[in-house]
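Student: I have a model on the screen and would like to go through its contacts and pairings one at a time. Where do we start?

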Amino acid sequence: MYAVRDHDQAVAQLRRSYAAVPPGQPVRLAKRTSNLFRPRNAPLTPGLDVSGLGGVLRVDPAARTADVQGMCPYEDLVDATLPHGLMPLVVPQLRTITLGGAVTGLGIESTSFRNGLPHESVTELDVLTGAGEIVTARPEGEHADLFAAFPNSLGSLGYATRLRIELQPIGRRVALRNVRFTRLEELTDAIGEVSATRSWAGETVDAMDGVMFSPGEAYLVLATFTDEAGPVSDYTGQDIYYRSLRRRTHDALTGYDYLWRWDTDWFWCSAAFGVQHPVVRRIWPARWRRSDVYHRLVRLEHRHQVAARIDRWRGQPARERVVQDVEIPLDRTAEFLRWFAKAVGMTPVWLCPLRLREPSGPGSARAWPLYPLRPGQDYVNIGFWGSVPIVPGAADGDVNRAIEREVSEVGGHKSLYSDAYYDREVFDRLYGGDTWRAVKDRYDPDHRLTGLYEKAVARQ
């Protein structure tokens, strides 16, 4: 745990480093890791010093809350809460995602069908604003406008230095049922039933996600938290988690391994580095089977284009990166998945049901203006991460633009951690442009922080 005095000193250093950035120069965080897939222009000035803002300040097991610094990775946050039998209400699937990043940039995981998104468990947060001030924002009161607009603002309104979040119990063991569906309508019906009843076949469901290998083969993974003893699987070694869905109808993991089940192989993306080959896997150190290692390799490829040059030498077509997470209304999910399978053809895809949190019962969910999902509406987050060949006559970005159009057509929304191609008018309509501008003018009157559109679309 970090001492409050140390936290205050770290905040003071952050403010000094912010004040040192010349007016008119872009402001960036000096973070060691990133889970963004948006290439950005190289900064001309040093990043903000957040070196002292990466820890847990306090866990209160009785109140089931934690005070956490903004740059704390979920890996360290989970390490602090699990000894108390607790977890954050939503734990994004990759270890180095930070709490502040998940709140300002959105996050999701298998508890989202009942707990919503990570920002919905925040009860208050301290924010370094564009004016260089630290303000404490809560759902009500003087800074309620900043509290509401902070999610999905991507650092354009400020940076969280401290957040208080709610926690929930998690069992020492997580029992899993891998339920196969051969028709997408049956899959979405099952998601609707579990979302409404929080149970399946008479058993409680605490977490739910899934994988589609094809429109005729999809799986829901229904998880139940338990303290009952029993055997558990290990997918940090030779076994690969996503492949187990096809082999096993029932499974179990420790609570810790369940939370990080996707990180070891970055879902299935480790295959691009050969890590799923049995020989390579035996010699690839276990400490390097992590999403942040794979992400660093991707950034090196973006910078040096080694694989792209090899493909050109072999006469292969150039490829378009298609790395997206989109939220689709449940009643349009089967339609979108069929369109995606035909138009894009990438498999597998991740399925994560979502509903905005209703902390006081049905009808108590609030809307969030910069990512306006509808309260009371069931959605499915669909994640797909890879690349497709650019066909003759097409341009780089055409597939992503087609996906954006289809997502809008079915009433969905798209996360902004990766490439976006919207024009400003459409972007403002989809991502609360009027609200963002009003909050921006209040908390960053000189517009020192890069704008939301400039970050998400213009890659600044």
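Tutor: Contact here means heavy atoms within 4.5 Å. The model is predicted.

Student: Which residues does Asn178 touch, leaving out those up to four places away in sequence?

Tutor: Asn178 is part of strand S7, residues 173-181. Its relative accessible area is 6%, under the 20% cut-off, so Asn178 is buried. Not counting residues up to four places away in sequence, Asn178 touches Leu220, Val221, Ser244, Leu245, Arg248 and Thr249.

Student: Which backbone oxygen does the side chain of Asn178 reach?

Tutor: Arg248 is among the residues that Asn178 touches. The side chain of Asn178 comes to 2.9 Å from a backbone oxygen, that of Arg248.

Student: Is Gln168 buried or exposed, and which side chain does its own side chain meet in a polar contact?

Tutor: Gln168 sits in strand S6, residues 158-169. Its relative accessibility is 8%, so Gln168 counts as buried. The residues it touches include Leu86, Pro88, Thr111 and Phe225. The polar contact, at 3.3 Å, joins the side chain of Gln168 to the side chain of Arg114.

Student: What distance separates the end C-alpha atoms of helix H13?

Tutor: Helix H13 has 12 residues, 398-409.

Student: Which residues of H13 are buried, and what covers them?

Tutor: An α-helix has 3.6 residues a turn, so residues three or four places apart point the same way. In H13 the buried residues are Asn400, Ile403, Glu404, Glu406 and Val407. Their cover includes strand S13, helix H12, strand S15 and strand S16.

Student: How many bridges join S13 to S15, and which residue in S15 stands opposite Asp325?

Tutor: S13 is mostly covered, with 9 of its 11 residues buried. S13 also pairs with S16 in the antiparallel sense over 2 bridges, where Glu327 has His413 as its bridge partner. S13 and S15 run antiparallel and are joined by 11 bridges; opposite Asp325 in S15 stands Gly383.

Student: Why does the salt bridge between Asp419 and Arg321 tie together separate parts of the sequence?

Tutor: The closest N and O atoms of Asp419 and Arg321 are 2.7 Å apart. Asp419 lies in the loop between S16 and helix H14, whereas Arg321 belongs to strand S13, so the parts tied together are 98 residues apart in sequence. Asp419 is buried at 4% relative accessible area, while Arg321, at 21%, counts as partly exposed.

Student: Which residue forms a salt bridge with Arg355?

Tutor: The N to O distance in this salt bridge is 2.8 Å, and the partner of Arg355 is Asp378. Both residues lie in the loop between S14 and S15, 23 residues apart.

Student: Are Lys440 and Asp444 buried or exposed?

Tutor: The side chains of Lys440 and Asp444 meet in a salt bridge, 2.7 Å from N to O. Both Lys440 and Asp444 are buried.

Technical notes: Residues are numbered from 1 along each chain as its sequence is written. This is a predicted model: local features need pLDDT of at least 70, side-chain atom pairs count only at pLDDT 80 or more; totals for chains, interfaces and linings use all residues. Side-chain values use heavy atoms; hydrogens and water are left out. Helices (H or I, at least four residues) and strands (E, at least two) are DSSP runs, numbered from the N terminus. Buried means under 20% relative accessible area, exposed over 50%, partly exposed in between (1.4 Å probe, protein chains only). A polar contact is a pair of N or O atoms within 3.5 Å; within protein, one must be able to donate a hydrogen and the other to accept it, and residues adjacent in sequence count only if both atoms are side-chain atoms. The expected span of a helix is 1.5 Å times one less than its number of residues. Two strands pair if DSSP finds at least two bridges between them. A salt bridge is a side-chain nitrogen of Lys or Arg within 4 Å of a carboxyl oxygen of Asp or Glu.
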